[in-house]
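Me: I am new to this structure and would like a close look at one part, the surroundings of the ligand. Please take me through it step by step.

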Amino acid sequence: MKTSIAIYPGSFDPVTNGHLDLIERGEKMFDLLIVAVLRNTEKQPLFSVTERVEMLREVTKKWASVEVDVFDGLLVDYARKRGAGVILRGIRAISDYEFELQMALMNRKLEPRLETVFMLPGELYSYLSSKLVREIAQHGGPLEGLVPPLVEQRLRAKVSNKAPRLNTLGSPKALDKKNLRPRATTRPRSKKAVS
Ligand code: PNS
């Protein structure tokens, strides 16, 4: 297993500037850095795997040694398949440490030849997470400096498509696009019947 090939695994729902900061640091250290998106059937993501991969590919295309891929199942199996010797993970604050330590030690138990390398993102991103970014977007807050412009656009579009318009009683109802009134639910009477 080559330590020149590293895998940076995660959910990336969506990719943030914190992830990109880490990718930029990792890209300098390894010959090949594989950013691997977990196809997680348990979580209910905001973006589909295809959308996440598409955004990641777009924002990492400037780095020739960065590849974006998808994986299922155990990370150690995927690392073996790709011939990678390193798992790259970011630690933002002490609160990340416990979970990351548990994962790293379990991965070591499953595959002792695989090393986990922890890197610190820039301090600017120490409080940044995909979860907070999704929450800010859902409430229409500012995202500048937190995610790349492309991701901001996709977030805005996603959130505006998702939000159901509410009628006066508070329940979602189809609205007439032009007039923003609920669409008529009964068929208009035929001319014959009116006359
Ligand atoms: O961005 P995330 O959600 O913190 O990433 C977590 C991830 C994808 C690295 C982790 O859930 C993972 O590796 N899942 C794959 C399944 C696996 O190998 N589980 C055992 C890890 S100890």
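Reply: What follows describes the ligand and the residues around it. This is a predicted model, in which local features need pLDDT of at least 70 and side-chain atom pairs count only at pLDDT 80 or more, while totals for chains, interfaces and linings use all residues. Residues are numbered from 1 along each chain as its sequence is written, and side-chain values use heavy atoms, with hydrogens and water left out.

The ligand is surrounded by 13 residues, of which S11, K43, G73, L75 and R89 are the closest; a residue counts as near if one of its heavy atoms lies within 4 Å of the molecule. By kind, this shell divides into seven nonpolar, four polar and two charged residues, where Ala, Val, Leu, Ile, Met, Phe, Trp, Tyr, Cys and Pro count as nonpolar, Asp, Glu, Lys and Arg as charged, and the others, Gly among them, as polar.

Turning to polar contacts, which are pairs of N or O atoms within 3.5 Å, an oxygen atom of the ligand is 2.6 Å from a side-chain N or O atom of S11. The protein covers 74% of the 550 Å² of accessible area that the ligand has on its own, with areas taken from the Shrake-Rupley method and a 1.4 Å probe.

Definitions and conventions. Polar contact = N/O pair within 3.5 Å; in protein donor to acceptor, adjacent residues only side chain to side chain.
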